[in-house]
Amino acid sequence: MGNGWETEAPVRDEAAEFAVRHAELAQGYGGGADPGDPAMVQAMQMVLHIPKADPPARSALLEAAAAAAVAVCLDPRSGPGGEWEPRYLAWKRSRIRKVARRARGAQWVAAGDVDGVTVEVDGAQARAFVPGPVGEIDQRIRKLQIGGTDLDHDEPGPADPAAPVLWVNAALEMSVGKAAAQVGHASMLLAGALPLDAAAAWAGRGFRCAVRDAGAQQWAGLVAEVAAGRAVAVRDAGFTEVAPGSMTVIAVPPRW
């Protein structure tokens, strides 16, 4: 029986909460020096599901990785008071890093129990995890291989006009793991650069995007779009595979 003192739980304003998370993302990222202790370097781990018998299409896997990375950043658990907030902010406000690994079978199943977000696109699956110090990576993730497996480039066809397109610089010939990290950077940059209403609409679509390769001639046109403020570019720090300052991915928003 009630005692007459019960009160209803306050109604959450999910739109306002999303706006706060988006504002944090829109502020950009810290660019400070790495900590003195290498074990405290902050990174977002990502895992790509690449079964041996029936591997996914490269483009679809990269689309899943891009969507998963930005989904972690704008998840309610990464917002004020959320259980992921301290780890997320410690990473976002430091030197941004992502590390992509591969998994199959039981390894992939086990990875699903570690805090993060999984996205599936056309049968391809990728999971982005809550960031943290590289010295404290969950053992279920730490043991997964970073390199050693790549996927052939595919021809996915025209992109959905309602989805952003993340154009990968084909001249750099990045591995699928490196490309996954780069499109993850691109989806974050794009979400932060979009107006709030456009970012919310994209979230409502599960951050679905298209990933396509751009040859030299098309890339030159995309660079011009960046210069005009109509697209955003990822410039890599050059820790692996590419030279420092390389422009790896250009994200072009849709015309919603």
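A pocket here is an open set of points on a 1 Å grid over the protein atoms alone, where a 1.4 Å probe fits and protein lies on both sides within 12 Å along at least five of seven lines; lining residues have an atom within 4 Å of a point. A volume is the space filled by probe spheres set on the points, with grid points joined across faces, edges and corners. By that account, the largest pocket has a volume of about 740 Å³.

This is a predicted model, in which local features need pLDDT of at least 70, side-chain atom pairs count only at pLDDT 80 or more, and totals for chains, interfaces and linings use all residues. Residues are numbered from 1 along each chain as its sequence is written, and side-chain values use heavy atoms, leaving out hydrogens and water.

**Overall form**
- The protein has eight helices and nine strands, which are DSSP runs numbered from the N terminus (helices: H or I, at least four residues; strands: E, at least two).
- The C-alpha trace spans about 70 × 40 × 40 Å along its principal axes.

**The largest pocket**
- Its lining holds 33 residues, and K98, K178, Q182, H185 and D236 lie nearest the centre.
- Two or more lining residues come from each of β2 (98–103), α6 (176–193) and β8 (232–235).
- Helix α6 gives the largest share, eight residues.
- By class, the lining has 15 nonpolar, nine polar and nine charged residues (nonpolar: Ala, Val, Leu, Ile, Met, Phe, Trp, Tyr, Cys and Pro; charged: Asp, Glu, Lys and Arg; polar: the others, Gly among them).

**The second largest pocket**
- This pocket holds about 240 Å³ of space.
- Of its 15 lining residues, R87, V130, E136, I137 and D138 are the closest to the centre.
- Strands β1 (42–49) and β5 (132–133) are the elements that give two or more residues to this lining.
- Nine of the lining residues are nonpolar, two polar and four charged.

**A helix pair**
- The axes of α1 (residues 14–26) and α7 (residues 196–204) come within 10 Å and cross at roughly 110° (axes are lines fitted to C-alpha atoms, for helices over the stretch in contact; angles run from 0 to 180 degrees between N-to-C directions).
- That makes α1 roughly perpendicular to α7 (65 to 115 degrees; under 35 is roughly parallel, over 145 roughly antiparallel and the rest oblique).
- F18, A19 and H22 of α1 meet L196, A199, A200 and A203 of α7 in this contact (heavy atoms within 4.5 Å).
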